[in-house]
Amino acid sequence: MSTQASLIGLDSEGLAAALREAGVEGKAVAMRARQLSNWIYVHGARDFAAMTNLAKDFRGSMAERFTLARPEIVTEQISNDGTRKWLLRSGPGIEFETVFIPEPGRGTLCVSSQVGCTLNCRFCHTGTQKLVRNLTPGEIVGQLMVARDALGDWPSTGENRRVTNVVMMGMGEPLYNFENVKVALGLVTDGDGLALSRRRVTLSTAGVVPMIKRAGEEIGSSLAISLHAARDEVRDIIVPLNKKYPLGELLQACRDYPGVSNARRITFEYVMLKGVNDSLVDARELVRVIRGIPAKINLIPFNPWPGAPYECSDWAQIEKFAEIVNRAGYASPVRTPRGRDIMAACGQLKSESIKERASTRHAELRSAELARMPG
Ligand code: SAH
């Protein structure tokens, strides 16, 4: 096995440190870091040999020490609606999913922040997978790089890119992996790097209240909140994190979100669960509790998964609910389910990874076993 470290996920400081380790000194460090960063994040170079404007000796000495390895694709599935889901692997027992959702004129990549999740939201498939570990910056930004590789979507600064938006809405809770998500999204939004605008990057949280302000100040992406209920009694059950950070505190954090305005509205996600949170009383309560927050409400028809304890609301009910929200002055688009046939829709992601126990080998055996189990 190779012991060379991958440079993917390193920001300019990280690249500078790697260069010093490789014996580069003085002023050359910053210049070389800029050149490497350009090759890696703008052009998607997968090999030092491709960096043709750099001295051959230098390329050779880098290749001896480092790689440009991304997470490896285990499987690719393509939905009949064009959605693509990749199962990625970055080490023994470390598997996670990424979803590309093409739409006319844009393409959204749904990125994971953790393998598994600690939150146990009752309607979410990922919630049935225990947390294995946080993803590293390289594993997070690597999802965008793998997608660009697969879609032929380099250079990042070119016109008509296929991936135009990133949503941190895959597996895991991004605000429980704050530092790594921050580094990764810094690379994603770096104008001299992967070059997506901050507005086209959305971080979604189930409501880790103490981290929301920091996210606004230090990451500055758009914010989405997985609200799903407007009363604590209901939210306590379907999003158990609510018991720790109840609605009042969560909505106050939204009011205080740095940079929030009519031009930069917060998205509230609201999954439509039949008989649970979809009454017209719920709709009125929803518009009442968010009053004063510049917002749009994204209604998400519940996506089923094996053994899920809920059903999706009837279409007619979703429409009535949307109308109440809309009449109160909020945009209330109903999110079209994408990639349901390949289990790529919201809340359907899950991998076979389990937490490493006695040894890595043991974990590998277990996930092979689990993979063979039905359902
Ligand atoms: N932990 C973060 C990031 C996950 S985003 C968060 O909770 O925001 C994934 C989105 O899909 C969340 O809004 C989640 O609540 C929603 N979701 C989960 N399961 C779903 C399902 N079965 N059907 C529809 N939406 C679901």
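This is a predicted model: local features need pLDDT of at least 70, side-chain atom pairs count only at pLDDT 80 or more; totals for chains, interfaces and linings use all residues.

Entry 1: I started at Ala195, which is buried because its relative accessible area is 19%, and the cut-off for buried is under 20%. Ala195 sits in the loop between α5 and β10. I noted a positive phi of about 60° there, although the residue is not a glycine.

Entry 2: I found His228 in the loop between β11 (222–226) and α7 (232–238). His228 counts as buried, at 5% relative accessibility.

**Entry 3: a cis bond.** I then checked omega. The peptide bond joining Trp154 and Pro155 is cis, with omega about -5°. Pro155 belongs to the loop between α4 and β9.

**Entry 4: the whole chain.** I stepped back for the overall form. I logged 11 helices and 13 strands. Does the radius of gyration agree or disagree with a compact globule? For 375 residues such a globule would have a radius near 21 Å, and the chain has 21 Å, so the two agree. Along the principal axes, the C-alpha atoms fill a box of roughly 70 × 50 × 40 Å. Buried residues account for 53% of the 375. I also looked at contacts between residues at least 6 apart in sequence; 66% of them join residues at least 24 apart.

**Entry 5: surface and charge.** The chain exposes about 16,900 Å², and carbon and sulfur atoms supply 50% of that. I noted 48 positive and 41 negative side chains. The centres of the two sets lie 2 Å apart.

**Entry 6: aromatic rings.** How many aromatic pairs are there? I found one. The ring centres of Tyr270 and Phe321 are 5.1 Å apart and the planes stand at 40°, so I logged the pair as tilted. The pair links distant parts of the chain, 51 residues apart: Tyr270 is in strand β12 (residues 266–272) and Phe321 in helix α10 (residues 315–327). Tyr270 is buried, at 1% relative accessible area. Phe321 is buried too, at 0%.

**Entry 7: helix α4.** I picked Ala147, in helix α4 (residues 137–151). Ala147 is buried, with a relative accessible area of 0%. Leaving out residues up to four places away in sequence, I listed its contacts as Trp86, Leu109 and Val163. I also took the C-alpha separation from Ala147 to Lys85: 9.7 Å, across 62 residues of chain.

**Entry 8: helix α5.** What are the buried residues of helix α5 (residues 178–188)? I wrote down Phe178, Val181, Ala184, Leu185, Leu187 and Val188. They pack against α2 (28–42), α4, β9 (165–168), β10 (201–205) and α6 (209–219).

**Entry 9: a loop residue.** Is Asn120 buried or partly exposed? I logged Asn120 as partly exposed, at 37% relative accessibility. Asn120 lies in the loop between β7 (114–115) and β8 (133–134). Setting aside residues up to four places away, Asn120 touches Gly127 and Pro240.

Methods:
Residues are numbered from 1 along each chain as its sequence is written. Side-chain values use heavy atoms; hydrogens and water are left out. Helices (H or I, at least four residues) and strands (E, at least two) are DSSP runs, numbered from the N terminus. The radius of gyration is taken over C-alpha atoms; the globule rule is 2.2 Å times the number of residues to the power 0.38. Buried means under 20% relative accessible area, exposed over 50%, partly exposed in between (1.4 Å probe, protein chains only). Contact means heavy atoms within 4.5 Å. Accessible areas come from the Shrake-Rupley method with a 1.4 Å probe; for residues, only the protein chains shown count as cover. Lys and Arg count as positive and Asp and Glu as negative; His and the chain ends are not counted. The place of a charge is taken as NZ of Lys, CZ of Arg, CG of Asp or CD of Glu. Rings of Phe, Tyr and Trp (its six-membered ring) pair if their centres lie within 6.5 Å; planes under 30 degrees apart count as stacked, over 60 as edge-to-face and the rest as tilted.
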